[in-house]
Amino acid sequence: MFKRIFLYSLVTNFFFTKKIFAAESGGMPQLDPEFWISQIFWLILTFGVLYIVLSKLILPKISSNLELRKSQIQENIEAAEKQRESSEAKLKEFDGIILKSKIEAKNIFKDAREKVIKNISSKKEILDKQIDDEIKKAEVEIDTLRQSAPEKINKIAVVTSTEILKKLIGAEVNNSSISAIVDDLVKKNGDKYYGH
């Protein structure tokens, strides 16, 4: 078909070229009504061929590429939507795990705290009991020392007084008389010093 059109245009062109060369001397051949038919023919022929080439070769490829891209974009959007939904589900799952871990950590901390407090209170009770026992022992020892202190002090006072008088007088002094004096002083001032 293209060969026929090409041959036809060549033959037609050959017949009209003589007239075109003749029209050149008279002005613009495009405006000469004699050449309008050939110009319309070539216009229709050129745009017809261009239309056929575009509609049969180029436009189908472009439209198939556009359809392919559109389907790929749609598939990508659907895949992205699935990924988003999956990510949201994972985020909810992770939030649940974190919340559960926080609750477990609080419970573990609470249990450990109660255990430590219980341990401390039991040790405190044992320590308080030991301290009370030690205080009672110390009170008993103090009471024993307090009861035996006046007697010891009296003995020390008798011995010391005997030694001092012996050095002052230079002679032996009777311990019984010094002991009687010390006992007498203790009876008079005993409440003051010993708390009886």
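Modeller: pLDDT is the predictor's confidence in each residue, on a scale from 0 to 100. The structure above is a predicted model, and its average pLDDT is 81, with 79% of the residues scoring at least 70.

Biologist: Where in the protein is confidence lowest, and where is it highest?

Modeller: Confidence is lowest in helix α1 (residues 2–24), where the mean is 60, and highest in α2, where the mean is 88. Where pLDDT is low, the predicted coordinates should not be read in detail.

Biologist: What makes the contact of R84 and E81 a salt bridge?

Modeller: A salt bridge requires a side-chain nitrogen of Lys or Arg within 4 Å of a carboxyl oxygen of Asp or Glu. For R84 and E81 the N to O distance is 2.3 Å, so the pair meets the rule. Both residues belong to helix α2 and lie three residues apart, about one turn of the helix.

Biologist: How many salt bridges are counted by this rule?

Modeller: The count is two. In the other bridge, the side chains of E88 and R84 meet at 2.6 Å, N to O. E88 and R84 are four residues apart in helix α2, and therefore about one helical turn separates them. Through shared partners, the salt bridges join E81, R84 and E88 into one network.

Biologist: Why are R84, E81 and E88 called partly exposed?

Modeller: Buried means under 20% relative accessible area and exposed means over 50%, with partly exposed in between. The values are 39% for R84, 33% for E81 and 38% for E88, so each residue falls in the middle class.

Biologist: Why is the pair of F41 and W42 described as edge-to-face?

Modeller: A pair of aromatic rings is described by the distance of the centres and the angle of the planes. One aromatic pair is counted here. The ring centres of F41 and W42 are 5.2 Å apart and their planes stand at 70°. The centres must lie within 6.5 Å, and planes over 60 degrees apart count as edge-to-face, so F41 and W42 qualify on both counts. F41 is partly exposed at 24% relative accessibility, and W42 is partly exposed at 31%.

Biologist: Which residues form the nonpolar patch on the surface?

Modeller: The patch consists of L43, F47, L50, L54, L57, I58, L59, I62 and L66, which together have about 830 Å² of accessible area.

Terms used: Residues numbered from 1 in each chain as written. Predicted model: local features only at pLDDT ≥ 70, side-chain atom pairs only at ≥ 80, totals over all residues. Heavy atoms only, no water. Phe/Tyr/Trp six-rings, centres within 6.5 Å; stacked < 30°, edge-to-face > 60°. Buried < 20%, exposed > 50% of the residue type's maximum accessible area, 1.4 Å probe, protein only. Patch = residues over 30% accessible without salt bridge, like charges linked within 9 Å, V, L, I, M, F, W, Y side chains within 5 Å. Areas by Shrake-Rupley, 256 points an atom, 1.4 Å probe, with all protein chains shown as cover. Helix = DSSP H or I, 4+ residues; strand = E, 2+ residues; numbered from the N terminus.
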